[in-house]
Amino acid sequence: MIKFQNVNFSYGEKKVLENFDLIIKTGDRVCLVGESGIGKTTVLRLIMGLEKAQSGTIEIKKNAKISAVFQEDRLLPFKTVLENLTLFGNFDIANKILQKLGMVDTKNKYPAALSGGMARRISIARALASGGDIFIFDEPFNGIDEENVKITAELINEYTKGKTVVMVSHNKRDIELLNAQIINM
């Protein structure tokens, strides 16, 4: 479970969250929706512990492992695709995911040799290969062509079954593909 209670957060003078409440039950699949700058990515960063609430409380299931896909791909440029996937993930699972994505031929390439859409799929593959109890996806399908969006969504659904999924997207298609409940902010 993820629970925000009366959470306040500002970037300097700019208030982003004010007395913000949110409950996401274990196994829920939700999508935070709202205007740019309203605090959706900040909520994800608070869940991941990358930011601290200035007041209020945030409770997350104790010892929950969180896997994340940020807005940027954040692949390590000095590691091959396979090394990126197995940094925190299992070798066999990483290979299986690459196979399902049709990207086995990229495993010995470095991120600089990948197109934007390929890098994005590898970023998602890394999160899935590392496993977790909670999966965070910030605009997961940006830069991925339509055919590969469907394949990648099926893979996400397979590897996050029964897990908590929290995502941000402005695309209704993404929300439908991942069977997420909409939470308006």
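Strand E5, residues 66-69, and helix H4, residues 116-130, each give at least two residues to the lining of the largest pocket. This is a predicted model, so please keep that in mind for everything I say. The volume of the largest pocket is about 290 Å³. Its lining comes to 16 residues, and the ones nearest the centre are Ala68, Phe70, Phe88, Arg126 and Ser130. What kinds of residue make up that lining? Eight are nonpolar, three are polar and five are charged.

Strand E1, residues 2-11, pairs with strand E2, residues 14-24, in the antiparallel sense, over seven bridges. In that pairing, serine 10 sits opposite lysine 15 of E2. The two strands form a hairpin with two residues between them, and glycine 12 in the turn has a positive phi of about 65 degrees.

E1 has another partner: five bridges join it to strand E4, residues 55-60, and these two also run antiparallel. Here isoleucine 2 stands opposite isoleucine 60 of E4.

Now two residues with backbone angles to look at. Asparagine 6 is in strand E1, and its phi is positive, about 50 degrees, although it is not a glycine. Is asparagine 6 buried, partly exposed or exposed? Asparagine 6 counts as partly exposed because its relative accessibility is 41%, and that class lies between the cut-offs of 20% and 50%.

The other is arginine 74, in the loop between E5 and helix H2, residues 81-86. Arginine 74, a residue other than glycine, has a positive phi near 55 degrees. At 42% relative accessibility, arginine 74 also counts as partly exposed.

Notes. Residues are numbered from 1 along each chain as its sequence is written. This is a predicted model: local features need pLDDT of at least 70, side-chain atom pairs count only at pLDDT 80 or more; totals for chains, interfaces and linings use all residues. Side-chain values use heavy atoms; hydrogens and water are left out. On a 1 Å grid over the protein atoms alone, a cavity is a set of points where a 1.4 Å probe fits but cannot get out, and a pocket is an open set with protein on both sides within 12 Å along at least five of seven lines; lining residues have an atom within 4 Å of a point. Grid points are joined across faces, edges and corners, and a volume is the space filled by probe spheres set on the points. Helices (H or I, at least four residues) and strands (E, at least two) are DSSP runs, numbered from the N terminus. Ala, Val, Leu, Ile, Met, Phe, Trp, Tyr, Cys and Pro count as nonpolar, Asp, Glu, Lys and Arg as charged, and the others, Gly among them, as polar. Two strands pair if DSSP finds at least two bridges between them. Buried means under 20% relative accessible area, exposed over 50%, partly exposed in between (1.4 Å probe, protein chains only).
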